[in-house]
Amino acid sequence: MDKAVRAFRQQHPSVNLVSILSLSLPELSKKIQDGSLPPEHVFYAYVGKALQIARETNCITEYMQESETQLQHTKLGEKKGLLYGVPVSIKDSINCQGHDSMLGFVKNIDKPVAEDSVLVQVLKRQGAIPFVKTNVPQSLISYDCDNLIFGQTCNPLLYTRTPGGSSGGEGALIGGGGSILGFGTDLGGSLRFPAAFCGICALKPTGNRLSKKGVISGIFGQKSVTAAVGPMAKDVESLALCMRALLCEDMFNLDSTVPPLPFNEEVYSSTRPLRIGYYETDFFTMPSPAMRRAVRETKQLLEEAGHTLVPFELTNVDYSVYNFCFRGMFADGGVTFLKNFEGELEKGNLGVFFWLAKSPNWIKTLLSWITKPFVPRLSNVIRSLRANTVEELWSLHHEIEESCHQFIAQWKKLNLDVMLCPMLGPALLIGYPAKLSVAVSYTMLFNSLDFPVGVVPVTLVTDEDEKELKNYQGYFQDWWDRALATAFSSAEGMPVAVQCVALPWQEELCLRFMKEVETLVMKKNMIV
């Protein structure tokens, strides 16, 4: 990367790379399309910036040198595709031909994949140039970003904080300005944590709106919690442009399991007032003062803009977390997850989990019973790691379906268009996500429901938030709550986001709502 950038600068000393990096994706795309900005200038501007951010945060795993060849073909070819000439970054677990998809496992080194994932194939057909792959936590089942091969990725805004995970390398790279558009995956918040922690936007679509063919999963075969592939960028309009490009004939032809739903421009560009549900807490993970304030301030801005805000009563989140999420993901007692680690050194706080997963059901039941009076949440987590029979798993899947229908019925009864929800934040201190698996409750709920959901940064942690945090006790006042208070602390000036939710297959409405939130927050900040 360094060599390529230096060669370009020697040949083009007068090119203003900083001005290129300041453009939004729609602006950049328009200039490339109309010929006023050569794709070569854009490409090397981002290669140089990505290299700088990689040195600062350790976010890149690989430079795809063939991207330089693709760039030459782009220059010679016709100007076609909505992402023509746009350099894009790709999460490690999304297959790119000729490159490893390592997931932080040593056994996957030097095993280049034979074919691009469908997502990468469509990106290339739309003229995009994948140029780097980015770091992930070992196994992906974490919202930190650390593994034994590449080490810890840091938050570009404050190096002592995690960038989130598992798409943490993407969050750090885009948050630092080293990529204008990136792609990650989300099984429990893995797009949304990095976006929220690094102050950018992300969209987790309905599970099958974009193809997952050629995308490696941390737990193969489980169907209880739905994973999704989605884009990450600095602003909502960039996400919308990306979805317009991806929801094309090529996507539906290359993967016929993806429904042929093109981008609905009418829904995205509508200006009619929205009826918006909202809640400030899930009563399972107590929100930080900044999280609660983020929802309240956004609610007020939306009301002032003429939208109707309706309280939404969230119930049984604890049951959903233990049974649908934890129990669903590890319904085989953790056997499939453990197979990933055969012959590997594990990184992080997985020792106790491994011991539990390897223990027979009767030990898990006994431990759950012993810990229940003292640490009820731990007791429930241990119970959720029991191996299930086929009958129990089918029953669980039925229960998940019923729960989803009940949630939608409550939504329809209130006649809602979309919903405003808290997003965990600010970014936790490095190392804490591994100790705080229970804090995924705000994000994982919508993987269980398989709803599209986006993240938009709306505020920064204030001195007042820090003072209030000193009184943070949590709903259970156990060691998890105490650890979370520590993990949140000393984050003044760090971004805090909200989640914008829509019903399944309504990505365009979700983006429209996100755009509304983003616009109102920007207007408010300009006035301030």
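Trainee: Which side chain of opposite charge is nearest to Glu170, and how far away is it?

Mentor: Happy to. This is a predicted model, in which local features need pLDDT of at least 70 and side-chain atom pairs count only at pLDDT 80 or more, while totals for chains, interfaces and linings use all residues. Residues are numbered from 1 along each chain as its sequence is written, and side-chain values use heavy atoms, with hydrogens and water left out.

The nearest side chain of opposite charge is that of Lys91, 9.0 Å away. Lys and Arg count as positive here and Asp and Glu as negative, with His and the chain ends not counted. Glu170 is buried yet has no salt bridge. Buried means under 20% relative accessible area, as against over 50% for exposed and in between for partly exposed (1.4 Å probe, protein chains only). A salt bridge needs a side-chain nitrogen of Lys or Arg within 4 Å of a carboxyl oxygen of Asp or Glu.

Glu170 lies in helix 7, residues 168-175, and Lys91 in strand 2, residues 87-91. Both elements are DSSP runs numbered from the N terminus: H or I over at least four residues for helices, E over at least two for strands. Beyond four places in sequence, the contacts of Glu170 (heavy atoms within 4.5 Å) include Ser89, Ile90, Lys91, Thr134 and Met232. So Glu170 and Lys91 do touch, even though they form no salt bridge.

Lys91 itself is buried, at a relative accessible area of 0%. Among the residues it touches are Lys133, Ser166, Phe183 and Ser190.

Two of those serines come up again in the UniProt record: the unreviewed entry places the feature "active site" at Lys91, Ser166 and Ser190. Such positions are given in the numbering used here with shortened feature names, and annotations may be inferred rather than shown by experiment. Although spread over 100 residues of sequence, the three cluster in space, with a largest C-alpha distance of 10.9 Å. The lining of the second largest pocket includes Lys91, Ser166 and Ser190. A pocket is an open set of points on a 1 Å grid over the protein atoms alone, with protein on both sides within 12 Å along at least five of seven lines; lining residues have an atom within 4 Å of a point.

Finally, Ser190 sits in the loop between strand 6 (182-186) and helix 8 (192-198). Ser190 counts as buried at 9% relative accessibility, and its contacts include Lys91, Leu140, Ser166 and Thr185. A polar atom of its side chain lies 3.0 Å from the backbone nitrogen of Ser166.

Technical notes
1 Å grid on protein atoms, 1.4 Å probe; cavity = no way out; pocket = protein on both sides within 12 Å on 5 of 7 lines; lining within 4 Å. Polar contact = N/O pair within 3.5 Å; in protein donor to acceptor, adjacent residues only side chain to side chain.
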